[in-house]
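Good morning, and thank you for coming. Please look at the sequence and the model on the screen while I speak.

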Amino acid sequence: MGQFLIGGDTSKAEMNIRYRKAGLPVTMPIPQKTLKAIAAYLVGGRPKNDCSELSLQCCRPYRPVSSPTVCYAIKSCMQKAGLPEEATTYWLRHTHAQHLLEAGISVFEIKEMLGHDDIEATNRYLHIHLKLMKRVILGELV
């Protein structure tokens with residue numbers, strides 16, 4: 001799923017995600033808290049294995065975790081949380097995109113984060129309302 005590129009300065013740690021929905025790789029920064037959690041997992045929790053992928057299955061044989069396995073686990077958690085049966089992992093992508101927009105991130109930056117080829121794909125993820133548009137475009141308080 002991802003490959004870590006960590007230079008001498010760990011404040012600039014990055015994760016190279018090669019396999020994404022749109023097939024476009026992306027390099028994303030890794031926050032310090034996340035980097036520390038990954039280091040703790042690598043030192044004390046990750047099973048010994050020759051795989052270069054970070055996330056491995058919990059049971060032998062220790063193979064990389066697949067996307068369908070992750071989606072199934074998330075879907076199970078969503079159902080246990082009481083979300084409707086039709087809730088999907090894509091709801092999380094849509095929600096994340098919406099929260100980014102509400103935080104003032106541009107649609108173009110959101111497009112890159114989501115790995116979309118064109119802005120129209122990103123627009124389908126966003127539910128822009130007039131008050132938010134006024135705040136983002138005109139700087140008005142709502």
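Helices (H or I, at least four residues) and strands (E, at least two) are DSSP runs, numbered from the N terminus. This is a predicted model, in which local features need pLDDT of at least 70 and side-chain atom pairs count only at pLDDT 80 or more, while totals for chains, interfaces and linings use all residues. Residues are numbered from 1 along each chain as its sequence is written, and side-chain values use heavy atoms, with hydrogens and water left out.

I begin with confidence. pLDDT is the predictor's confidence in each residue, from 0 to 100. The protein chain averages 78, and 78% of the residues score at least 70. Helix α2 (residues 67-80) has the highest mean, 89, and strand β1 (residues 2-5) the lowest, 46. Over residues 1-10 the pLDDT is below 50, yet this stretch has 28 contacts (heavy atoms within 4.5 Å) beyond near neighbours in sequence. Where pLDDT is low, the predicted coordinates should not be read in detail.

I turn now to helix α4. Which residues of α4 (residues 107-114) are buried, that is, under 20% relative accessible area, where exposed is over 50% and partly exposed lies in between (1.4 Å probe, protein chains only)? They are Val107, Ile110, Lys111 and Leu114. These residues lie on the same side of α4, because they cover an arc of only 105 degrees around the axis, taken from the directions from the helix axis to the C-beta atoms. Their cover includes α3 (89-102) and α5 (119-125). After α4 comes glycine 115, with a positive phi near 80 degrees.

Finally, serine 52 sits in the loop between α1 (32-44) and α2. Serine 52 is exposed, at a relative accessible area of 63%.
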